[in-house]
Amino acid sequence: MYELETTTLRLNSRDMFDPSHAAALSRLKTFIPKASAAYAAKRNYDDTTHVATLSPYIRHRIITEQDVLTETLNQHSPQAAAKFIQEVFWRTYWKGWLELRPSIWTAFRAERDAALNRIQTESGLRQRWEAACKGATGIDGFDHWAQQLAASGYLHNHARMWFASIWIFTLQLPWTLGADFFLRHLYDGDPASNTLSWRWVAGLQTKGKTYLADPENIATYTHGRFRPTGLASHATPLEGAPHPASGPAPISDPIDPVLRTGLLITEEDLSPDWLLNRIAPVATATVQTTQHRSPLIVAPQVCDFVRDTISDCTLRFGDRLGPVTTESSDTLGRWAETHDVQQIVTSYLPVGPTQDALRGLPLCQVIRSYDSAAWPHATHGYFRFRKQIPALLDQLGAA
């Protein structure tokens, strides 16, 4: 349907992220001593010196949010590391908010596909979109970030905000195409954090509140490297439907201990030890769904990263998994028949491409206690959710 290949320029730079659990743990231990005052004071500068760069690992749960929180509180008090802890819970809040309102993801997909159809027939829109994706707009900073993302699969959070604001308000491109661009190129491309953050910049998430990229702010937090001119001076909120009412939080399916059980590992949770403490699978299947992030081609380096992290996971837990094979949504049923599997247990598939790809399959989905404790509190804005953090830390044993 979409003939145009839009994967952007690949630059010759060293990959930042080793796709392994050992690398994730090493990065965590290196960063945690800096998770207090230094992080709070310097996290908005667009280098990686003062931020954790753990998001690709957390997004795929190569290490988990609870791992990060526990390690943080082993070295810092909740007060000293409050800003970092809050940022970890931002990701959790976004996940929970979307779980309570899955129709937002459905609406995003529909609007994105409509925008992709527009670029097939509107030459001006197509040209602006192509220039933005390639980093060929002539806008100082923006072009660098587009090319950096294509090269490394990563952008600093502050750069993501500037980029999204310029995309929406200066280039006047559909926000859904920007969210799609990120989702195709980010190692940490997450349907909740990515979609809802773009909505927030656009004024759709917190109604009437937008984020306007400011040249002086950019100059300050890039140490003077970029000071773009010609940026939009106003950010009028985009129009959109009211938020749907929040629904109930998902709950786990019961595991039948009598049935022959297979384990399904997806890119949503690559630390299955918590499930292996409850089941002894007769066989394990892995399914990669990265290509379902977009109707367009997902960056090859992102697909490779996810593939290699899945392989690392099966190597780490190999002696507990039984025979392991790589399957697809189409072959999973045949895999179950081959191994006489009567129930397929998997970590809960959150709203997003993996859930879309595996919808309708007879899966026993189990939710981590971290998610089941936190998600029900994502009913309103983050600041109401944030009040629950001390109680959640106690409940989860992280404190």
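1. Just after α8, G153 takes a positive phi of about 75°, in what should be read throughout as a predicted model. The buried residues are F142, D143, W145, A146, L149, A150, A151 and S152, and they pack against α7 (123-134), α9, α10, α12 (215-221) and α14 (300-316).

2. For the pair α6 and α11, the axes come within 11 Å and cross at roughly 70°, which makes α6 roughly perpendicular to α11. On the α6 side the contact is made by I104, W105 and F108, and on the α11 side by P191, T195, L196 and R199. Sorted by class, this contact of α6 with α11 has five nonpolar residues, one polar and one charged.

3. Turning to open spaces, the largest pocket holds about 1,500 Å³. Its lining consists of 48 residues, and those closest to the centre are E87, W90, W94, N157 and S197. Two or more lining residues come from each of α3 (55-59), α5 (82-99), α9 (157-170), α11 (191-202) and α18 (382-386), with α5 giving the most, at 10 residues. The lining of the largest pocket comprises 22 nonpolar, 16 polar and 10 charged residues.

4. The second largest pocket has a volume of about 320 Å³, and 20 residues line it, with E111, W175, R199, L204 and G240 nearest its centre. At least two lining residues are supplied by each of α6 (103-121) and α10 (175-185), and α6 provides the largest share, eight residues. Here the classes divide into 12 nonpolar, three polar and five charged residues. A reader may wish to note that R199 takes part in the contact between α6 and α11 and also lies among the residues nearest the centre of the second largest pocket.

5. How many cavities of 30 Å³ or more does a search of the whole structure find? The search finds two, and the largest cavity has a volume of about 190 Å³. Its lining is made up of 18 residues, of which R61, E65, K95, E268 and P350 lie nearest the centre. The elements giving two or more residues to this lining are α3 and α5, and the largest share, three residues, comes from α5. By class, the lining of the largest cavity divides into six nonpolar, two polar and 10 charged residues.

Note on methods. Residues are numbered from 1 along each chain as its sequence is written. This is a predicted model: local features need pLDDT of at least 70, side-chain atom pairs count only at pLDDT 80 or more; totals for chains, interfaces and linings use all residues. Side-chain values use heavy atoms; hydrogens and water are left out. On a 1 Å grid over the protein atoms alone, a cavity is a set of points where a 1.4 Å probe fits but cannot get out, and a pocket is an open set with protein on both sides within 12 Å along at least five of seven lines; lining residues have an atom within 4 Å of a point. Grid points are joined across faces, edges and corners, and a volume is the space filled by probe spheres set on the points. Helices (H or I, at least four residues) and strands (E, at least two) are DSSP runs, numbered from the N terminus. Ala, Val, Leu, Ile, Met, Phe, Trp, Tyr, Cys and Pro count as nonpolar, Asp, Glu, Lys and Arg as charged, and the others, Gly among them, as polar. Axes are lines fitted to C-alpha atoms, for helices over the stretch in contact, and angles run from 0 to 180 degrees between N-to-C directions. Angles under 35 degrees count as roughly parallel, over 145 as roughly antiparallel, 65 to 115 as roughly perpendicular and the rest as oblique. Contact means heavy atoms within 4.5 Å. Buried means under 20% relative accessible area, exposed over 50%, partly exposed in between (1.4 Å probe, protein chains only).
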